[in-house]
Amino acid sequence: MSNQRPNIVFIMSDDHASQAMSCYGSRINKTPNIDRIASEGMRFDHTYCTNAICTPSRATILTGLYNHANGVRTLDDELPNTMTTFPKLMREDGYQTAMIGKWHLGHSESSNPAGFDFWSVVPGQGEYIDPQFIEADGVKTYPGYVTDVITDMSIDWLEQRDRDKPFLLLCHHKAPHRPWVPNPKDQHLYDDIDIPEPETFYDDYATRSRAAREAKMRVDRDLTFTDLKAHPPEGLSELELKRWNYQRYMKDYLRCIHSIDENVGRLLDYLDEQEVADNTIVVYTSDQGFFLGEHGWYDKRFMYEESLRMPFVVRYPNGIKPGTVCDAMALNVDFAQTFLAYAGIDSPKEMQGVSLKPLLEGGRPEGWRTSMYYRYWMHLSEHNVCAHYGIRTEKHKLIYYYGEALGTTGSTNESWEPEWELFDLEKDPYELNNVYCDPAYADTVLALKLELARLQHETGDNP
């Protein structure tokens with residue numbers, strides 16, 4: 001057994017921003033069990049998604065392909081289950097595999113999960129209380145709170161596994177996705193405190209694009225009764241209403257995360273009890289980041305840092321030095337090849353990421369990427385976010401709002417005048433000051449546009 005290939009437990013939540021984890025320095029909550037993964041393994045400080053929306057990010061993670069290559073560009077697209085994914089390859093090579101929780105890549109004969117010995121997934125976004133699950137033999141309802149249920153099912157599957165074969169478990173939580181319904185036992189958590197507001201809570205978008213000004217994800221005006229679960233007190237000023245909305249939103253969001261953290265602890269404890277923790281890679285991540293009041297927003301989609309950045313912590317006692325931090329740039333398109341590398345399986349040539357295994361082992365290969373390409377396709381759909389693409393380097397971010405749908409589904413064809421934004425991330429880490437038109441940055445703009453064109457060519461996306 002000591003020579004057995006590592007097991008992999010891949011825990012992914014939905015919309016869990018890294019700024020709501022204490023291992024990333026959160027000022028608003030504590031996540032002691034997720035912190036365990038970081039303190040007993042490695043924390044990545046610069047992991048980014050290539051498209052900050054649920055379905056496309058999940059497709060990229062499974063296939064190791066950018067969204068223009070796997071065809072899943074919007075929330076309306078399905079991932080054909082004929083496509084090559086890392087679970088399929090691992091199952092073919094002797095791993096026992098399971099997918100439990102949020103799938104969000106289609107529920108038809110052609111898009112149900114494939115490559116798994118067992119799968120049980122919530123329909124679409126799923127429900128928080130007494131959730132339904134779609135399984136190979138039909139739809140079942142499980143009583144309880146969804147985060148507990150997904151963990152119960154994950155542990156049940158692990159209990160029934162073949163002890164002589166390595167396993168791959170995808171434990172994918174629905175929480176903390178909107179509308180942020182906490183476990184009833186946690187509904188009074190944080191009642192006695194005020195959640196601190198972020199530095200950019202009162203952003204006025206003064207130097208920035210129409211896209212930023214007109215997005216409909218503002219805490220002060222766009223949260224609904226379903227989100228807030230109460231009507232605001234009468235007589236509040238605009239400022240008071242914004243602050244009231246923020247506290248309602250954030251407390252429910254953080255209550256959902258409290259349950260995730262508790263359940264991460266249950267899984268870690270189970271691995272300890274089974275004496276398989278040393279040979280098990282445990283990953284905790286989210287499908288993208290999320291705005292927790294930054295820029296006055298909730299939701300994601302934009303290429304701004306809070307939405308772009310994913311939490312990514314990995315523990316593997318047999319192979320990762322505890323308490324380590326990686327500042328190299330990693331992407332969600334890298335995950336598939338990383339898992340395959342640890343399983344000793346060659347990744348297909350068409351995969352577009354790079355295995356993170358050398359970084360996890362404490363190295364940094366020569367020529368490691370210092371820039372990444374991003375593209376959001378859903379022009380002016382929900383939340384009225386303009387389609388855009390861009391590049392992030394270690395020091396700068398260049399975003400192009402190209403102002404049209406370019407053939408994406410489910411979006412309006414209203415045209416906007418294209419606009420650019422440039423941020424100097426060293427001088428302006430909160431991305432408040434668009435310096436695209438500043439003559440002092442003319443050379444930087446030219447260099448970034450050339451690098452953007454190079455990345456588009458390299459990834460095969462030619463807008």
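What follows describes a predicted model, beginning with the helix and ending with the cysteines.

Helix α5 has 14 residues and reaches 20 Å from its first C-alpha to its last, close to the 20 Å expected at 1.5 Å a residue. The helix is mostly covered, with 10 of its 14 residues buried; among them are Val146, Val149, Ile150, Met153 and Trp157. The cover over the buried residues of α5 includes the strands β4 (96-102), β5 (118-122), β6 (132-135) and β8 (167-172), together with helix α8.

The pairing with α8 can be described in more detail. The axes of α5 (residues 146-159) and α8 (residues 238-273) come within 9 Å and cross at roughly 10°, which makes α5 roughly parallel to α8, since angles under 35 degrees count as such. On the α5 side the contact is made by Thr147, Asp148, Thr151, Asp152, Ile155, Leu158 and Glu159, and on the α8 side by Ser259, Ile260, Asn263, Arg266, Leu267 and Tyr270. Sorted by class, this contact of α5 with α8 has 5 nonpolar, 4 polar and 4 charged residues.

Which bonds do the cysteines form? The structure holds 0 disulfides, and Cys23 is accordingly in none.

Conventions: Residues numbered from 1 in each chain as written. Predicted model: local features only at pLDDT ≥ 70, side-chain atom pairs only at ≥ 80, totals over all residues. Heavy atoms only, no water. Axes fitted to C-alpha atoms, helices over the stretch in contact; angles between N-to-C directions. Helix = DSSP H or I, 4+ residues; strand = E, 2+ residues; numbered from the N terminus. Parallel < 35°, antiparallel > 145°, perpendicular 65-115°, else oblique. Contact = heavy atoms within 4.5 Å. Nonpolar A, V, L, I, M, F, W, Y, C, P; charged D, E, K, R; others polar. Disulfide = S-S within 2.5 Å. Expected span 1.5 Å × (residues − 1). Buried < 20%, exposed > 50% of the residue type's maximum accessible area, 1.4 Å probe, protein only.
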